[in-house]
Amino acid sequence: MIYPIGEFYCKLDSKGRLLLPSSFKEQLGESLDEGFVLRPSLFDKCLELFAMGDWRSMQEKLSKLNPFKPENVMLIRRFNAGARMVKVDANGRLQIPKDLMEKSGLVKDVVMTALTDRMQIWDKSLMEIEDAKFSEEDFVNMLSAKLGENDFVD
């Protein structure tokens, strides 16, 4: 699935419902009906939102690991820990379970941003703190190191 372009600023209500912006919903199109999987992030204090097809693809990759190796079982268990199926309701809201709100530090102001195979849902203040750790110069250097040698020719 192709995830929405840009960052989306949203608000959580007192019941943990995240009202999705109309432009976000328009970009997702029919994927809204399939539902999503929401899980705590592996590396950051935020949540990850997978389209159902991308979640299934990730599970397929994990299923190829040898189940008779304890580290593989631990990896799969930890990856899937806290994962929940979620749907967007008729009012365009995504219900975030209370325990996931607490784990990710979501309070009220929320930022949604896309990666290549999932989205991240951040508390706005936590994202600002995290982004401040990575300067513009760091970003430029990383782009050059990771992509500067590629000619992007098929």
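Modeller: Asp99 is partly exposed, with a relative accessible area of 29%, where buried means under 20% relative accessible area, exposed means over 50%, and partly exposed is what lies in between, judged with a 1.4 Å probe and with protein chains only as cover. This is a predicted model, in which local features need a pLDDT of at least 70 and side-chain atom pairs count only at pLDDT 80 or more, while totals for chains, interfaces and linings use all residues. Residues are numbered from 1 along each chain as its sequence is written, and side-chain values use heavy atoms, with hydrogens and water left out.

Asp99 has a partner, Arg84, with which it forms a salt bridge whose closest N and O atoms are 2.9 Å apart; the term stands for a side-chain nitrogen of Lys or Arg within 4 Å of a carboxyl oxygen of Asp or Glu. Because Arg84 lies in strand β5 and Asp99 in helix α5 (residues 98-104), the pair ties together parts that are 15 residues apart in sequence. Helices (H or I, at least four residues) and strands (E, at least two) are DSSP runs, numbered from the N terminus. Arg84 is also partly exposed, at a relative accessible area of 31%.

The strand that holds Arg84, β5, leads us to the sheet. Six strands make up this open sheet, in the order β1-β7-β8-β4-β3-β5, and their pairing is antiparallel. Since β1 (7-11) and β5 (84-86) stand at the edges with a single partner strand each, one side of each is left without a neighbour in the sheet. On average, neighbouring strands here are turned by 30 degrees against each other, direction ignored, the axes being lines fitted to C-alpha atoms, for helices over the stretch in contact, with angles running from 0 to 180 degrees between N-to-C directions. Strands of a sheet pair through backbone hydrogen bonds, either parallel or antiparallel, and two strands count as paired if DSSP finds at least two bridges between them. Within this sheet, five bridges join β7 (residues 109-114) to the antiparallel β8 (residues 119-123), and Met112 stands opposite Ile121 in β8. Helix α6 (residues 124-132) lies across β1, β7 and β8, running at about 105 degrees to β8.

Contact means heavy atoms within 4.5 Å, and, leaving aside residues up to four places away in sequence, Cys10 touches Leu18, Leu19, Pro21, Lys108, Asp109, Val110 and Met112. The C-alpha atoms of Cys10 and Val110 are separated by 5.1 Å, although these two residues are 100 residues apart along the chain.

Returning to salt bridges, a search of the whole structure finds 10 of them. One of them joins the side chains of Arg17 and Asp13, at 2.6 Å from N to O; Arg17 is partly exposed at 22% relative accessible area, and Asp13 is partly exposed at 26%. Another links Glu48 with Arg39, the closest N and O atoms being 3.2 Å apart, but here Glu48 is buried at 3% relative accessibility and Arg39 is buried at 2%. Arg39 and Glu48 belong, together with Asp117 and Arg118, to a network of salt bridges.
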